[in-house]
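Here is a short briefing on a protein model. Look at the fold first, then at its core and its surface.

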Amino acid sequence: MIQENELITLILCLVALFFAISNYVKLKSLPGLKIFITSFTLFTMGWFFTVIEGIIFEEVFNIIEHVCYICSSLTMFIWAIVFFKKRGEN
């Protein structure tokens, strides 16, 4: 069963991801932008799989969801290291 709060969160993530990708040129000055976009995409995929697990294959999509969250967290950590390293150089 799909929960409304999970669906709303997915929609908000998709809107934020669309906003970030559509403003890619303006955000290019941000150090490690591709890493940041990758992290947020993985986070959005996690929310997508959260919604899908309510429909079919609950255990499988639950595992995929949590793998996406782990990968997103690791990628965000790498981005933070890159961001503060380059920020310290300037």
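Helices (H or I, at least four residues) and strands (E, at least two) are DSSP runs, numbered from the N terminus. With that naming, the protein has four helices and zero strands. The model is predicted: local features need pLDDT of at least 70, side-chain atom pairs count only at pLDDT 80 or more, and totals for chains, interfaces and linings use all residues. Residues are numbered from 1 along each chain as its sequence is written, and side-chain values use heavy atoms, with hydrogens and water left out.

**Confidence**
- pLDDT is the predictor's confidence in each residue, from 0 to 100.
- The protein averages a pLDDT of 88, and 99% of its residues reach 70 or more.

**Overall fold**
- The order of elements from the N terminus is α-α-α-α.
- Along the principal axes, the C-alpha atoms fill a box of roughly 50 × 25 × 15 Å.
- Contact means heavy atoms within 4.5 Å. Among contacts between residues at least 6 apart in sequence, 67% join residues at least 24 apart.

**Core**
- Buried means under 20% relative accessible area, exposed over 50%, and partly exposed in between (1.4 Å probe, protein chains only).
- Of the 90 residues, 31% count as buried.
- A nonpolar core is a set of buried Ala, Val, Leu, Ile, Met, Phe, Trp, Tyr and Cys residues joined through side-chain atoms within 4.5 Å.
- The largest such core has five residues: Leu10, Cys13, Trp47, Val51 and Tyr69. Helix H1 (4–22) and helix H3 (33–53) are the elements that give two or more residues to this core.
- Cys13 touches Phe40, Phe43, Thr44 and Trp47, leaving aside residues up to four places away in sequence.

**Surface**
- Accessible areas come from the Shrake-Rupley method with a 1.4 Å probe; for residues, only the protein chains shown count as cover.
- The accessible surface comes to about 6,400 Å², and 73% of it belongs to carbon and sulfur atoms.
- A nonpolar patch joins Val, Leu, Ile, Met, Phe, Trp or Tyr side chains within 5 Å, from residues with over 30% relative accessible area and no salt bridge. A salt bridge is a side-chain nitrogen of Lys or Arg within 4 Å of a carboxyl oxygen of Asp or Glu.
- Ile2, Leu7, Ile11, Val15, Ile55, Ile56, Phe57, Val60 and Ile64 form such a patch, with about 790 Å² of accessible area together.
- H1 gives the most to the nonpolar patch, three residues.
- Ile64 lies in helix H4. Its relative accessibility is 31%, so Ile64 counts as partly exposed.

How values were computed
Patch = residues over 30% accessible without salt bridge, like charges linked within 9 Å, V, L, I, M, F, W, Y side chains within 5 Å.
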